[in-house]
Amino acid sequence: MYRPLGLLVFALFGIACSSSGEGPVCRTGGFCVDDCCDVREAPTFDSSCRPSCPSGQRFVNALPACAPARSCTGPDGGPFDAGPICGDAGAICLGGPCCDEAVHGRTDPATCEFSCPACTPEPSCEAMDTPCLQPSECVVMENTCCGVCGVPSLGDVEGVHTLDVDRYRDALCAEPVECELCGELPGNPNLVATCNAAACQAVDLHLLPATTCASDDQCVLRTNTCCECGTTPDASNLIAVRADGIPDVLALLCDDDAICDDCAPTYPDSLEAFCNDAGQCDVRSL
């Protein structure tokens, strides 16, 4: 079973309100730190924007506000003075008639738990982005009506909920646009969509630590889907990752209850994984 992880690359995400008005809407951030204020990983947030950290770690809104324990060594070699574990910097809540205005939330000074006031959009408000629960609810879409001529990058796409695809496309092409004729364009299999903090998010797998490498033998081919069974590996869906980084990639691609059949796909002989000059696993033609 694969479960999406809180990665440091996702240090700030938004939860946009829906027309149902269920629960608060907010933007979340912060860090999970150990007793000496060393960052360990990003926190996770529930639907009420309450942060949580693994056992032995605590949540802080901002690193400058983190006070190390007395047992930690300070810059002068002596102990740090104990102080509050929370800073004044809090997450940004959304409120107003359409849940799109910045409003103040509240941080509990004893636990650093942050909460936002509930926001229910008025009936006259246009429906916002649909919150997601699993990566399979999200797809990658170009963020302009015509797209780009060439290989798209992360800045050219957005993660969109499957229920919002038609609305999103209609909004992009609301005005008549004469698109440049580019011919058949190559895609970018490293661009995928995942669900993080209830929002669909576009991710470039090529930018993740799981693709860093030092030699060709560290890199392997894999499709950019959760389960490879039932897919036909080719240039449109093959990525290259470090072999021990596959679990991190699957954490972004797979739903909580995903169970994949045990099969070995046949990769095309014309493609191979290698470590490029930038120290990233990549795919090349033979």
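1. Strand S3 (residues 31-33) and strand S4 pair in the antiparallel sense, and two bridges hold the pairing in this predicted model. Within that pairing, valine 33 has valine 39 of S4 as its bridge partner. The two strands belong to an open sheet of three strands, ordered S4-S3-S7 and paired antiparallel. Strand S4 (39-41) and strand S7 (58-60) stand at the edges with a single partner strand each, so one side of each is left without a neighbour in the sheet. From one strand to the next, the twist averages 55°.

2. For the chain as a whole, the secondary structure comes to two helices and 19 strands. Of the 286 residues in the chain, 38% are buried, and the chain exposes about 15800 Å², of which carbon and sulfur atoms supply 51%. Where contacts join residues at least 6 apart in sequence, 61% of them join residues at least 24 apart.

3. The structure holds 11 disulfides, and three of them are taken up here and in the next two points. Cysteine 138 and cysteine 200 form a disulfide with their sulfur atoms 2.1 Å apart, and the link is left-handed, with -75° about the S-S bond. Cysteine 138 lies in strand S12 (residues 138-142) and cysteine 200 in strand S15, so the pair ties together parts that are 62 residues apart in sequence. Cysteine 138 is buried, at a relative accessible area of 8%, and cysteine 200 is likewise buried, at 14%.

4. In the disulfide of cysteine 149 and cysteine 182, the sulfur atoms are 1.4 Å apart. The torsion about the S-S bond of cysteine 149 and cysteine 182 is about -40°, so this disulfide is left-handed. Cysteine 149 lies in the loop between S12 and strand S13 (157-161), while cysteine 182 lies in the loop between helix H1 (165-172) and S14, so the pair ties together parts that are 33 residues apart in sequence. Both ends are partly exposed, with a relative accessible area of 41% for cysteine 149 and of 30% for cysteine 182.

5. A further disulfide joins cysteine 213 to cysteine 275, with an S to S distance of 2.1 Å. Its torsion about the S-S bond is about 100°, so the disulfide of cysteine 213 and cysteine 275 is right-handed. The pair links distant parts of the chain, with cysteine 213 in the loop between S15 and S16 and cysteine 275 in strand S18 (residues 271-275), 62 residues apart. Cysteine 213 is buried, with a relative accessible area of 14%, and cysteine 275 is buried as well, with a value of 15%.

6. Strand S16 and strand S17 run antiparallel and are joined by five bridges; threonine 223 stands opposite leucine 238 in S17. Four of the five residues of S16 are buried, so S16 is largely enclosed by the rest of the structure.

7. Asparagine 237 has its place in the loop between S16 and S17. Its relative accessible area is 15%, and asparagine 237 counts as buried because that value falls under 20%. A polar atom of the asparagine 237 side chain lies 3.0 Å from the backbone nitrogen of aspartate 234. Leaving aside neighbours within four places in sequence, asparagine 237 is in contact with Pro189, Arg222, Thr223, Asn224 and Thr232.

8. Helix H2 (residues 246-253) has Val249, Leu250, Ala251, Leu252 and Leu253 as its buried residues. The cover over these residues includes strand S14 (191-196), strand S15 (199-204), strand S16 (219-223) and strand S17 (238-242). Two elements of that cover have come up above: S15 carries cysteine 200 of the link to cysteine 138, and S16 is joined by bridges to S17.

Definitions and conventions. Residues numbered from 1 in each chain as written. Predicted model: local features only at pLDDT ≥ 70, side-chain atom pairs only at ≥ 80, totals over all residues. Heavy atoms only, no water. Buried < 20%, exposed > 50% of the residue type's maximum accessible area, 1.4 Å probe, protein only. Contact = heavy atoms within 4.5 Å. Areas by Shrake-Rupley, 256 points an atom, 1.4 Å probe, with all protein chains shown as cover. Polar contact = N/O pair within 3.5 Å; in protein donor to acceptor, adjacent residues only side chain to side chain. Disulfide = S-S within 2.5 Å. Pairing = 2+ DSSP bridges. Axes fitted to C-alpha atoms, helices over the stretch in contact; angles between N-to-C directions.
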